[in-house]
Amino acid sequence: MEEPEVTIKLTCDEATILSDWLERLQMTDLSNTVDDPAAWAPIHRIAGQLDKMLPALFFPDYDVRLEEARRRLRPLDDDSQD
């Protein structure tokens, strides 16, 4: 019997931030963070789907777009980023 799929909906800003975080996570020593090898399958699948759905990841101004998304998603009372 095939397992049912789960759908997660994100805004473009949320997807951009998550994609960036997953990319940074995958570039670190993950054995300290991801201690279960089974977790890698969904991590890679989510990262791959985000890459396909976010063409802005490959735009020359991606860093600017990423920072704008971060700014929009930060809580209004977050004074630590001034």
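Tutor: Helices are DSSP runs of H or I with at least four residues, numbered from the N terminus. The model is a predicted one. With that definition, Ile46 lies in helix α2.

Student: What span should helix α1 have, at 1.5 Å a residue?

Tutor: Helix α1 covers residues 12–26, which is 15 residues. The expected span is 1.5 Å times one less than the number of residues.

Student: Which helices do the buried residues of α1 pack against?

Tutor: Buried residues have under 20% relative accessible area. In α1 they are Asp13, Ala15, Thr16, Ser19, Asp20, Leu22 and Leu25. Their packing partners are α2 (40–53) and α3 (62–73).

Student: Is α1 roughly parallel or roughly perpendicular to α3?

Tutor: The axes of α1 and α3 cross at roughly 115° and come within 9 Å. Angles of 65 to 115 degrees count as roughly perpendicular. Therefore α1 is, relative to α3, roughly perpendicular.

Student: How many residues of the contact of α1 with α3 are charged?

Tutor: From α1, the contact draws on Asp13, Glu14, Thr16, Ile17, Asp20 and Arg24, and from α3 on Tyr62, Leu66, Ala69, Arg70, Arg72 and Leu73. Asp, Glu, Lys and Arg count as charged. Besides five nonpolar residues and one polar residue, the charged ones number six.

Student: Is α1 oblique or roughly perpendicular to α2?

Tutor: Here the axes come within 10 Å and cross at roughly 130°. Roughly perpendicular covers 65 to 115 degrees, and roughly antiparallel begins over 145. The orientation of α1 to α2 is therefore oblique.

Student: How many residues in the contact of α1 with α2 are nonpolar?

Tutor: On the α1 side are Ala15, Leu18, Ser19, Leu22 and Gln26, which meet Trp40, Ile43, His44, Ile46, Ala47, Leu50 and Asp51 of α2. Three residues of this contact are polar and one is charged, while the nonpolar ones number eight.

Student: Which residues does Ile46 touch, not counting those up to four places away in sequence?

Tutor: Ile46 has a relative accessible area of 40%, so this residue is partly exposed. Its C-alpha atom is separated by 9.4 Å from that of Leu18, 28 residues apart along the chain. With residues up to four places away in sequence not counted, Ile46 touches Leu18 and Leu22.

Methods: Residues numbered from 1 in each chain as written. Predicted model: local features only at pLDDT ≥ 70, side-chain atom pairs only at ≥ 80, totals over all residues. Heavy atoms only, no water. Helix = DSSP H or I, 4+ residues; strand = E, 2+ residues; numbered from the N terminus. Buried < 20%, exposed > 50% of the residue type's maximum accessible area, 1.4 Å probe, protein only. Contact = heavy atoms within 4.5 Å. Axes fitted to C-alpha atoms, helices over the stretch in contact; angles between N-to-C directions. Parallel < 35°, antiparallel > 145°, perpendicular 65-115°, else oblique.
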